[in-house]
Amino acid sequence: MKNLKINNRFTAELPADPDLTNEVRQVKNTLFSYVNPTKPSNPELIHASEEVAELVGIEREEILSQDFLNTFSGKEILQETKPFAMCYAGHQFGNWAGQLGDGRAINLTEVENNNEFYTLQLKGAGKTPYSRTADGLAVLRSSIREYLCAEAMHYLGVPTTRSLSLILTGDQVLRDILYNGNPAYEKGAVVCRVAPSFIRFGSFEMLTARNELKNLKQFVEFNIKHYFPEISGEPKEQYLQFFKKVADTTREMVLHWQRVGFVHGVMNTDNMSIHGITIDYGPYGWLENYDPDWTPNTTDSQNRRYRFGNQPQVAQWNLFQLANALYPLINEAAPLEKILDSFISDFEEDYKTMFLSKLGLFTSSEADDKIIKGLEEILKLSETDMTIFFRNLSQIKKEDSVEQAFEKIENAFYLPEEIKNQILDAWQKWFSVYLKRLNSEKLSDEERASKMNLINPKYVLRNYMAQLAIDAADKGDYSLIDELFQLLKKPYDEQHDSEKWFAKRPDWARTKVGCSMLSCSS
Ligand code: AMP
Ligand code: MG
């Protein structure tokens, strides 16, 4: 890979762990440990993204080379690089968890291309000092889910890490999918993912929890210098601006999640990026029927802390932990609290604009709150497919009668037999208010529809679609991975050959493991 321009800032500028052994341990006074990936026994490339390759400075022709396979499976290390695992801590499900760190992620290197910096990281590349009691590996199923979803999110316009490659290791990995005492061997895989950095809220929390304040200051300044160079002023003012930027980008990210119906599933502070990008795709899921209480994560099925409707509040809670971590540098609570307080009010304002735009309403009116709240309530009355409902809404014309408008979204109901009596009444009332409101908009039906179709995706990686790709891949057929990868590159386009993916979740997927229920086992 002749054009890869290695430029390691993280390891060059921040304190390294002097201990080069790979034993699981508490790693203090440092931000990372050097560690090499475990060599896979028989790597095989399943898929790679040409766009991401190009982004980081790898030529398309190089993707099929032995060099590419060896590098991104962890078999060989790039010249002039020293792979490393990051040390971080975090709050998991609301509780302080202490040191976590990259237990199975290994950063190969940072590269520079077209004046942008990218970290290339292998997930599932073997043990590190942070592996705790686990094996450092990843299975094919979860790797396919991460690989496809990150790229799908990117093309939806949702800030995210990217996926460069998906590679089978040739090794077997033991997993108890449902944590119910039924472990089985699965195929192992490694994903190479790409981001400006993989720094998390938990990276800062760790330094403060250990009272490593000199490192904290150095680390915050490192972040500002490289990732937020526009920040200036007195040191304290800079740290506050840094916090505000992270809060803003986090808010924008969650707003996108709510727009497209994405549920992260494990919003622990160690899974929150300081770049406001979606990171660590585990037991995530897509809303099929619109249910704000839904979470795909079986580990969270009791409390539903990370349910769809709670994501903005959790983001704020996580930012509160980051604020606590930065506090020793600022020593004043009020300005941090001010940023935290405005998080929810700003979110609500943005949410309103976003939700109205999903409805094709691009101006504001006094009736809007009622329209939004009313719709959120009715959508819950009987299972209604979020993606189909909003996409089909763009077909409604100003001249339509309530009945004509309603017909256009009927296909979104999972249980059409339920749509009668009070539920039908509620829908009709809502549509009559909506149609009136639509008529106060200046845009023509066509103009409105084309704007709406850039906001309401036609295709998302429905949970069952990923599962179908996994089932086929387990049998050695990777064609569906490529089909979905290509489909999801244009999620807002009508793709006539792919209408079958614009469909409600099939009945078999309603309760199938991997479709509606996912554990953290990966
Ligand atoms: P997650 O919730 O998947 O982001 O993981 C939480 C923590 O567990 C992180 O520190 C991961 O690196 C670590 N972890 C998860 N799975 C494994 C594994 N198979 N081997 C080692 N560490 C893991
Ligand atoms: Mg994680």
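Mentor: Before we start, one cut-off: buried means under 20% relative accessible area, and exposed means over 50%. Also keep in mind that this is a predicted model.

Trainee: OK, so is Arg-200 buried or exposed?
Mentor: Buried, because its relative accessibility is 0%, and the cut-off for buried is under 20%.

Trainee: Where is Arg-200 found?
Mentor: In the loop between β9 and α5 (201–209).

Trainee: And what does Arg-200 touch?
Mentor: Leaving out residues up to four places away in sequence, its contacts include Tyr-88, Asp-102, Arg-193 and a run from Thr-269 through Asp-270, Asn-271, Met-272 and Ser-273 to Ile-274. Ile-279 and Asp-280 are also among them. There is a polar detail too: a polar atom of the Arg-200 side chain lies 3.0 Å from the backbone oxygen of Phe-198.

Trainee: You mentioned Asn-271 and Asp-280. Which ion do they coordinate?
Mentor: The magnesium ion, ligand 2. Asn-271 uses OD1 and Asp-280 uses OD, at 2.0 to 2.2 Å. Both Asn-271 and Asp-280 are buried.

Trainee: Which residues does UniProt place under "binding site"?
Mentor: The unreviewed UniProt entry puts that feature at Gly-101, Gly-103, Arg-104, Lys-123, Asp-135, Gly-136, Arg-193, Arg-200 and Asp-280. Among these, Arg-104, Lys-123, Arg-200 and Asp-280 are in the lining of the largest pocket.

Trainee: Where's Arg-104, then?
Mentor: In the loop between β5 (95–99) and β6. Setting aside neighbours within four places in sequence, Arg-104 is in contact with residues including Lys-123, Gly-136, Arg-175 and Ser-522.

Trainee: New topic: how many residues are in the largest nonpolar core?
Mentor: 163, and those with the most contacts inside it are Phe-72, Phe-204, Trp-427 and Phe-431. Helix α7 (residues 235–260) gives the largest share, eleven residues.

Trainee: Why would nonpolar side chains gather like that?
Mentor: As a general rule, in soluble globular proteins they tend to be buried together.

Trainee: What does Phe-72 touch?
Mentor: Not counting residues up to four places away in sequence, its contacts include Met-1, Ile-58, Leu-108, Leu-164 and Cys-192. Phe-72 is one of the buried residues of α3.

Trainee: How many residues of α3 are buried?
Mentor: Six of eight, so to speak "mostly covered", in a helix that spans residues 66–73. Those buried residues pack against β2 (44–48), β6 (105–113), β7 (116–123), β8 (162–175) and β9 (184–195). Just after α3, Gly-74 has a positive phi of about 90°.

Note on methods
Residues are numbered from 1 along each chain as its sequence is written. Chains are lettered from A and ligands numbered from 1 in the order in which they are written. This is a predicted model: local features need pLDDT of at least 70, side-chain atom pairs count only at pLDDT 80 or more; totals for chains, interfaces and linings use all residues. Side-chain values use heavy atoms; hydrogens and water are left out. A nonpolar core is a set of buried Ala, Val, Leu, Ile, Met, Phe, Trp, Tyr and Cys residues joined through side-chain atoms within 4.5 Å. Buried means under 20% relative accessible area, exposed over 50%, partly exposed in between (1.4 Å probe, protein chains only). Helices (H or I, at least four residues) and strands (E, at least two) are DSSP runs, numbered from the N terminus. Contact means heavy atoms within 4.5 Å. Donors are N, O and S atoms within 2.8 Å of the metal (3.2 Å for Na, K and Ca); water is not among the atoms, so sites may look incomplete. UniProt positions are given in the numbering used here, feature names are shortened, and annotations may be inferred rather than shown by experiment. On a 1 Å grid over the protein atoms alone, a cavity is a set of points where a 1.4 Å probe fits but cannot get out, and a pocket is an open set with protein on both sides within 12 Å along at least five of seven lines; lining residues have an atom within 4 Å of a point. A polar contact is a pair of N or O atoms within 3.5 Å; within protein, one must be able to donate a hydrogen and the other to accept it, and residues adjacent in sequence count only if both atoms are side-chain atoms.
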